[in-house]
Every structure is written in structure tokens, then in C-alpha cells.
Amino acid sequence: MTPLAEILRAQIACTGPLTLADYMTACLLHPEHGYYITRDPLGVSGDFTTAPEISQMFGELIGLCLAQSWRDQGAPSPFCLAELGPGRGTLMADILRATRAVPGFRDAARLHLVEASPALRAEQASSLSGHSPQWHDTLETLPSAPLFLVANEFFDALPIRQFQRDPKGWRERVVGLHGDALALGLVDPVPHAALDHRLQDTSPGQIVETCAPARAVSGEIAARIARNGGMALIVDYGDWRSRGDTFQALRNHAPVDPFDAPGTADLTAHVDFEQLSLAARPVGQSGLTAQGVFLERLGITARAQALARNLSGAALEQHIAAHRRLTHPAEMGSLFKAFALFSTGAPTPPGLDP
Ligand code: SAH
């Protein structure tokens with residue numbers, strides 16, 4: 001049993017079952033044993049891979065998208081260039097390299113990173129050395145300035161709660177004990193006014209998910225953009241409305257039981273973009289755009305061809321596979337979506353549906 005399993009078992013025995021959100025928070029961010037606190041989970045030797053780790057093209061195109069949006073809003077200087085959950089810093093390094101040639105962008109940018117993991121902060125310090133990033137535990141301490149923000153695979157790591165519909169209301173799925181083992185259970189049904197809108201598209205027995213922190217973060221981003229201008233580009237897996245149980249655990253690139261060995265696997269859930277949108281009113285919002293379509297519109301094929309000219313053999317094959325992986329509907333192209341919040345009246349950022 002992992003040390004975190006012991007702690008959670010003792011806690012449940014003492015004070016009763018945990019919500020899934022409490023469980024996820026402990027597994028990912030427990031100050032001593034949390035998954036993100038103790039390791040760098042990314043890459044081939046880790047548990048999962050992300051778009052910026054697959055190819056530099058992803059960050060380059062996102063950099064140009066951010067820079068175009070910055071120019072569309074009058075090239076404010078200085079501005080806050082922020083990233084939520086920057087991982088190894090790869091995406092931001094690619095953004096900064098690709099925007100070198102955009103007049104004024106880099107000089108005006110003040111780099112701010114919101115990151116919970118000390119291990120990943122150290123990696124970001126090394127990949128972004130020379131750009132003087134400032135780190136934050138939450139968005140609240142970002143400076144008050146025009147905000148151009150990116151978040152790739154950040155929202156899927158925020159803790160969700162699950163509710164199973166019942167003829168008498170909603171039964172929350174909670175983490176309790178079955179003998180010595182952690183196991184899912186259901187509490188008695190109660191009505192939840194916040195889930196009334198899901199009565200139309202669910203039937204008894206079906207599960208819906210909520211993510212209060214995602215709503216809070218989206219609301220905070222929108223409030224800052226409404227005050228100071230800017231744009232936030234959110235890329236993640238999920239859909240306009242999350243359906244069913246999407247809670248999952250990954251270890252060594254394979255799905256595992258999320259209740260086995262807590263603190264040693266990545267836990268995520270699909271992002272419910274409708275909730276981000278509702279929490280973000282009243283700033284400009286893009287339509288939800290499939291990642292493959294978004295990257296094609298930004299010119300990934302031309303960029304891939306240009307890079308391919310200098311490659312051969314295994315490197316070329318890997319490059320072609322990376323292009324396919326990022327864009328093909330059977331890979332990341334349609335499960336992943338891009339969504340933007342931006343200053344009211346500004347044009348929709350490039351690549352995104354209006
Ligand atoms: N964006 C990166 C990494 C994605 S993994 C990439 O695309 O490669 C999720 C990232 O979010 C990690 O950096 C993780 O440490 C961070 N993170 C997760 N939950 C967080 C929280 N509540 N607050 C701040 N950072 C968090």
C-alpha cells in the first residue's frame with residue numbers, strides 16, 4: 001500500500017467518504033505524496049505525452065496565434081504572457097522562439113507561470129532560462145495587465161465530482177472503504193439545483209461530472225480580460241458537454257484503476273467546455289474547434305513540409321507521425337479541442353471557429 005493510501009484510509013475511517021474531488025486533489029497535489037509534487041510525469045519515460053512534447057510545431061503555431069491576437073488588440077505593452085500548468089516549459093519555449101520575429105512582442109511580454117509542482121517548476125526554470133519567468137500558485141496573483149494566456153492539458157487535471165442520476169435526485173459517487181481497499185460508493189439521492197440543466201439530456205443511472213475549480217479559473221481569466229484586455233487559449237480533451245464517467249488514470253501510457261496505489265498515476269477527466277463558457281460570461285468567446293482543424297487552419301501542413309526538408313530516415317518518419325498524431329481525427333485531432341476567451345469586440349483569434 002502506498003503511503004498516501006494509508007493516509008486516505010485513516011482519514012476515511014475517521015471522517016467518512018471523500019468526494020472524488022477531494023480524492024483527486026490528494027492524489028495529484030498532496031504536499032508530500034502527490035503525483036505532480038513528486039515527479040515529472042511527461043514523456044516517453046513518464047506516464048503520458050502531450051502535444052508540445054510530440055512536436056515543436058504545436059507551440060510554434062500557438063505562439064503565432066497569440067501574437068496575432070495581441071496585434072489585433074493594439075499590441076499592448078507591457079502585457080502578461082501567462083501559462084497554466086506549463087509542464088516542462090516546452091510549449092512556452094516554442095511560443096517564445098516562434099514569436100522572435102514579431103515586432104515588439106517579446107519585449108512587451110512579462111512571463112508568468114502558474115504551476116503547483118516544484119519538480120516541474122525546476123524544469124521550467126531550465127527550459128525558460130533567459131526569459132525571467134515568475135511563478136504563481138494560482139491565477140489570483142498574476143499582475144493586473146493585458147493578459148495573453150495559454151493552457152494545454154491543464155483543465156483536465158482539475159478535480160471533478162461525479163453524480164449519478166436517480167429518480168429521487170442525484171447520488172454523488174464518493175470514495176470509501178471496502179474492507180481495507182479504497183472503493184467507490186454512492187450517497188443517498190438529493191436534488192442539486194446546479195444540475196437541473198442535465199435533467200434534459202440524462203436518464204436515471206447516468207453519470208454527470210462537475211468541476212468547480214475549472215469554473216472558478218475560467219471566471220477569473222474572463223474577469224481579467226474584461227478589465228485589461230487580452231486572450232486565453234485553452235486546449236484540452238473533452239467536449240462542449242461532458243457525458244458519462246470520464247475519470248481516468250494513466251500509468252506508463254496505459255489506463256489503470258484510479259483507486260489502486262493513489263499518488264502514483266495521473267488522474268484526469270474530460271473538460272466540459274460549456275461550463276468554462278458559462279463561467280466566463282461576458283467576454284468574447286470562440287466556438288469550440290477540433291485541434292486538428294485548428295492546427296490545419298494555422299498552417300501546420302506548410303510548417304511540417306518546411307521542417308521535413310531538413311529531415312531524413314527515422315527522424316523524417318517520426319516527424320510525419322507527429323503531424324498525424326496532432327491532427328488526425330483518429331488520434332488527437334478531434335478528441336482535443338481549442339477554445340478561446342478574448343476582449344469583447346476583438347476579432348476571434350486565428351484558427352478558431354467564430
Ligand atoms: N501543459 C503541459 C503540461 C500538462 S500536465 C503540456 O502540455 O505538456 C498538467 C500541468 O498542470 C502540470 O504542469 C501540472 O503540474 C500542472 N497542474 C496540475 N494541477 C495544477 C493546479 N491545481 N495548479 C497549478 N498547476 C497544476
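## Ground rules

Residues are numbered from 1 along each chain as its sequence is written, and side-chain values use heavy atoms, with hydrogens and water left out. As the model is predicted, local features need pLDDT of at least 70 and side-chain atom pairs count only at pLDDT 80 or more, while totals for chains, interfaces and linings use all residues.

## The largest pocket

Let's start with the open space.

Helix 2 (20-29), helix 4 (51-54), helix 6 (90-98) and helix 9 (212-228) each supply at least two of the lining residues; helices here are DSSP runs of H or I with at least four residues, strands are E runs of at least two, and both are numbered from the N terminus. By type, the lining has 20 nonpolar, 8 polar and 8 charged residues, with Gly counted as polar.

## The ligand

Where does the ligand sit? The ligand is in the largest pocket, meaning that more than half of its atoms lie within 2 Å of the pocket's grid points.

Now for the polar contacts (pairs of N or O atoms within 3.5 Å). A side-chain N or O atom of T50 is 2.5 Å from an oxygen atom of the ligand, and a polar backbone atom of G87 is 3.1 Å from a ligand oxygen. A nitrogen atom of the ligand lies 3.2 Å from a backbone N or O atom of A116. The ligand taken alone exposes 570 Å², of which the protein buries 94% (Shrake-Rupley areas with a 1.4 Å probe).

## The largest cavity

A search of the whole structure also finds 1 cavity of 30 Å³ or more, a cavity being a set of points where a 1.4 Å probe fits but cannot get out. The largest cavity holds about 120 Å³. It is lined by 15 residues, with I160, C211, H270, V271 and D272 closest to its centre. Strand 9 (207-210), strand 14 (271-272) and helix 10 (273-280) each give two or more residues to this lining, which divides into 8 nonpolar, 4 polar and 3 charged.

How values were computed:
A polar contact is a pair of N or O atoms within 3.5 Å; within protein, one must be able to donate a hydrogen and the other to accept it, and residues adjacent in sequence count only if both atoms are side-chain atoms. On a 1 Å grid over the protein atoms alone, a cavity is a set of points where a 1.4 Å probe fits but cannot get out, and a pocket is an open set with protein on both sides within 12 Å along at least five of seven lines; lining residues have an atom within 4 Å of a point. Grid points are joined across faces, edges and corners, and a volume is the space filled by probe spheres set on the points.
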